[in-house]
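Please keep the sequence and the three-dimensional view at hand while reading.

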Number of protein chains: 2
Amino acid sequence: MARWEPNAQGRLAEAALELFAERGYEQTTVADIAERAGLTKRTFFRYYADKREVLFGAGTEFQDLIVEGATGAAPDAAPLDVVAAGLRAGVDMLEGRRAFARRRASVISANPELQERELIKMASVAKALAQVLRDRGIAEPEASLTAEAGVAAFRIAFERWAQGEDLRDLPELTRASLAALRALSSAA
Amino acid sequence: MARWEPNAQGRLAEAALELFAERGYEQTTVADIAERAGLTKRTFFRYYADKREVLFGAGTEFQDLIVEGATGAAPDAAPLDVVAAGLRAGVDMLEGRRAFARRRASVISANPELQERELIKMASVAKALAQVLRDRGIAEPEASLTAEAGVAAFRIAFERWAQGEDLRDLPELTRASLAALRALSSAA
């Protein structure tokens, strides 16, 4: 019978991030992670399907929060404001796990395969946001365009935040990035 | 010694697209493609490293044309106009191979793994365009934001064109998509 381990999931996530940063993602095995956390591989697999899930397991929750935030925007909100409301909800989640999110981002930025996975995850968020806009009666291509451009603005803010290129917090950087998007037409 | 085969590369590409459409991409082997083209596997590998390269081999040329088009924009062009000039060059290449590009797109849209590959390719185009803008003195995050949003506008136009949802040609659809991007700020 499995022994109950206090905060096993948190300890595994912490151990994984430490090892990914020390040795690189590829060079870290599930056995290494379990050992560092003082737990068994079996316990690891009770929480995660594989080591990638330590980094991407919260993706569904992130997307759901964004969709929920966008869905709850005022009925007369402009399309980009609907997208911004959704992104705000996602950003709040990341700020609430700031230390984890930042270290996670630096592991991802060191590995092209993980960057691709992140890109695909964000494409899925954009598709979900476009659906929210269509459900509000916004036609294509405006719905997809607004969603994709808004998500691009978020991604750029997130990269700057993760790489520490900019000292502002993520909500502030996301607002600035969305403002730059809104300014595109006046600049052109 | 290899026998010279007239237009071997074109025949292989044609055979590959036929088979991908008939059987699906996963179910088609290099041997199938060579057989359909009336050529040997050995001839196939003289032109392509694998079957995926039939679809993605022109990616570098596409990106180079876009970078060249953007680099050649007027020195005082606004950032989004620089991106638009680059995209125009890429779109012209696709229109010049319209039948191939359209069938290729429909194979890709039927396969999530190929869609991911296409997404990653377009992310690389956006990064290259952001570099062109930085070389012109545009600061971050404006450079990345303009490039990413412009490429998103192109992707949306391209999907509509490939899926035949819209009967306009690709240059026209791309112009309309970029115009919708420019209109985002006024709509918000």
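This is a predicted model: local features need pLDDT of at least 70, side-chain atom pairs count only at pLDDT 80 or more; totals for chains, interfaces and linings use all residues.

The surroundings of F154(A) may be traced in detail. Setting aside residues up to four places away in sequence, F154(A) touches F62(A), L87(A), V91(A), L94(A), M122(A), L170(A) and T174(A).

Attention now turns to the interface between the two chains. Here 31 residues of chain A are in contact with 32 residues of chain B. The area buried between chain A and chain B is about 2,700 Å², and carbon and sulfur atoms give 73% of that area.

Charged and polar pairs are also found at this interface. The rule finds 4 salt bridges across the interface of chain A and chain B, and 2 residue pairs, both at pLDDT 80 or more, are counted in polar contact between these chains. On the side of chain A that touches chain B, at least two residues are supplied by each of helix 6 (79-96), helix 8 (112-135), helix 9 (142-162) and helix 10 (170-187) of chain A. Helix 9 of chain A provides the largest share of that side, namely 11 residues. By residue class, the side of chain A that touches chain B consists of 17 nonpolar, 4 polar and 10 charged residues.

Which residue of chain B meets the side chain of E148(A) in a salt bridge? The partner is R155(B), with a distance of 2.8 Å from N to O. E148(A) itself lies in helix 9 of chain A. With residues up to four places away in sequence not counted, E148(A) touches A126(A) in its own chain, together with A152(B), R155(B) and I156(B) of chain B. Is E148(A) buried or exposed? E148(A) has a relative accessible area of 12% and is therefore classed as buried, because the cut-off for that class is under 20%.

Q63(B) belongs to helix 5 of chain B, which spans residues 59-71. The side chain of Q63(B) makes a polar contact, at 2.7 Å, with the side chain of S124(B). Apart from neighbours within four places in sequence, the residues in contact with Q63(B) are K121(B), S124(B), V125(B) and A128(B).

Note on methods. Residues are numbered from 1 along each chain as its sequence is written. Chains are lettered from A and ligands numbered from 1 in the order in which they are written. Side-chain values use heavy atoms; hydrogens and water are left out. Contact means heavy atoms within 4.5 Å. Buried area is the accessible area (1.4 Å probe) that two parts lose on being put together, summed over both. A polar contact is a pair of N or O atoms within 3.5 Å; within protein, one must be able to donate a hydrogen and the other to accept it, and residues adjacent in sequence count only if both atoms are side-chain atoms. Helices (H or I, at least four residues) and strands (E, at least two) are DSSP runs, numbered from the N terminus. Ala, Val, Leu, Ile, Met, Phe, Trp, Tyr, Cys and Pro count as nonpolar, Asp, Glu, Lys and Arg as charged, and the others, Gly among them, as polar. Buried means under 20% relative accessible area, exposed over 50%, partly exposed in between (1.4 Å probe, protein chains only).
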